[in-house]
Amino acid sequence: MNDSVRLGRIGGVPVGLNWSLIVIVGIFAFALAGNRFPLDAPGYHREWYALAGILTALALLVSVLAHELGHAYVARRAGLEVEGITLSWMGGITRILGDAATPRGEVAVAAVGPAISLALGGLLAAAGAAASSAGVGNLTVAAVDWLAVINIALAAFNLIPAAPLDGGKVLHAVVWALTRDRWKATHVASRAGLVLAGGVAALGLYEVLGRGDDIDGLFVMVLGWWLLNAARDEEQLSKVQHALGGVPVHDVMRPVASAPGWIVREDFAERYAALYPGWVWLLERWGGGYSGVIDGNSLLSAPPTPPGTRAAELAVPVEAAAGAEPCEEVLAALERSGGRSLLLVVEDGRTVGAVLPADIDAMLRSPRPHLRGVATP
Ligand SMILES: [Zn+2]
């Protein structure tokens with residue numbers, strides 16, 4: 001979800017808002033001022049309910065932000081890069097790049113958020129009780145009590161052991177620690193996420209159809225849909241990890257050689273591509289350097305081109321390739337590649353191999369039956 005409004009930095013972490021948040025804060029403020037507070041603390045003027053509703057909804061935002069800042073702080077301490085925090089209609093998201101190196105680190109990053117929400121809930125409940133016995137106005141007490149309950153509920157919901165919730169990350173870390181298999185852990189957490197999403201969506205449907213509670217029910221159904229998407233993303237990630245995890249680049253790379261890029265296609269096919277099937281060619285440029293990369297097989301099978309077409313015209317520019325090292329995992333190289341799936345493998349400053357997007361697709365389509373132990377501590 002993108003930031004619509006940048007709020008600035010807190011402790012060096014960029015914090016932004018998504019427009020959807022404004023809608024949900026409005027709905028909360030409206031529901032509190034219109035229904036909740038008049039019931040819990042009757043006898044006030046309408047303006048007071050409105051003011052209390054707005055302030056309480058904003059205070060909820062601050063609680064969610066505290067929860068997310070906890071994730072961000074612990075993630076940084078664990079050596080992970082934090083891209084930023086986005087607050088949106090379903091709460092907050094802390095965008096952390098990469099994964100914790102150990103299950104213990106993963107638990108710390110995940111658990112700190114609910115711990116903060118729980119602590120806030122406890123403090124607010126105590127403050128509410130103290131304010132009530134000190135004779136502070138009912139409306140203030142009602143607002144503080146509501147914030148206490150919602151923070152505790154936030155902690156409880158986030159601890160449900162299903163991806164993408166914090167509890168799902170804890171589950172992931174536990175399965176990872178027990179099986180030493182990161183893929184299996186992602187698979188288990190995402191499956192739990194699908195079950196949770198189905199349950200939440202069914203609850204929403206029941207509220208709309210069974211109880212006629214349209215607004216709450218629709219909100220719950222949208223939440224279920226969001227959870228479903230997040231769990232499916234997680235499932236997809238587990239497939240990628242299963243297919244590519246633990247495979248070093250040198251196991252799947254193709255041989256690379258250089259060849260003149262300026263010769264015409266037919267000559268190139270005859271003198272290079274057909275003689276060395278499966279090789280990848282770095283096309284030399286007049287005056288030095290390389291202009292592009294092409295694999296011999298795709299040059300041979302490319303659709304007809306006008307006579308005189310040069311090999312370089314059928315190649316992809318070298319900038320479309322990302323660098324990789326022979327001994328690193330394919331997965332690690334792809335994570336660094338910025339979305340590029342053509343890898344040029346460099347050793348001691350020399351290009352020694354290439355991994356093509358088609359090779360990666362093929363690995364994803366037919367994952368190996370056994371995972372060759374992804375690096376675990
Ligand atoms: Zn959280």
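**Strands and helices, element by element**

A: Strand E2 (residues 13-17) pairs with E1 in the antiparallel sense, over five bridges. The model is a predicted one. Within this pairing, Ile10 has Val13 of E2 as its bridge partner. The two strands belong to an open sheet of four, in the order E1-E2-E3-E4, with mixed pairing. Its edges are E1 (5-10) and E4 (91-97), each of which pairs on one side only. Direction ignored, neighbouring strands in this sheet are turned by 20 degrees against each other on average. In general, the strands of a sheet pair through backbone hydrogen bonds, either parallel or antiparallel.

Helix H1 covers residues 19-40, and Ala29 lies in it. Ala29 counts as buried because it has 21 C-beta neighbours inside 10 Å, where the cut-off is 20 or more. Leaving out residues up to four places away in sequence, Ala29 touches Gly53, Ile54 and Ala57. Val208 is 179 residues from Ala29 along the chain, and the C-alpha atoms of the two are separated by 22 Å.

Helix H3 takes up residues 103-133, which makes 31 residues. From its first C-alpha to its last H3 reaches 45 Å, close to the 45 Å expected at 1.5 Å a residue. After H3 comes Gly135, with a positive phi near 80 degrees.

Helix H5 (residues 166-179) has 14 residues and should span 20 Å at 1.5 Å a residue; its end C-alpha atoms are 20 Å apart, so the two values agree. H5 is largely enclosed by the rest of the structure, because 10 of its 14 residues are buried. The buried residues include Asp166, Gly167, Gly168 and Lys169 at one end of the list, and Val175 and Trp176 at the other. They pack against H3, helix H4 (138-158) and helix H6 (182-210). H5 is followed by Arg180, whose phi is also positive, near 60 degrees.

As for the chain as a whole, it is divided into domain 1 (5-159) and domain 2 (249-365). The C-alpha centres of these two domains lie 51 Å apart.

Notes:
Residues are numbered from 1 along each chain as its sequence is written. This is a predicted model: local features need pLDDT of at least 70, side-chain atom pairs count only at pLDDT 80 or more; totals for chains, interfaces and linings use all residues. The expected span of a helix is 1.5 Å times one less than its number of residues. A residue is buried if 20 or more other C-beta atoms lie within 10 Å of its own, exposed if 12 or fewer, and partly exposed in between; C-beta atoms are placed from the backbone. Two residues are in contact if their C-beta atoms, placed from the backbone, lie within 7 Å. Domain bounds come from an automatic or database domain assignment. Two strands pair if DSSP finds at least two bridges between them. Axes are lines fitted to C-alpha atoms, for helices over the stretch in contact, and angles run from 0 to 180 degrees between N-to-C directions.
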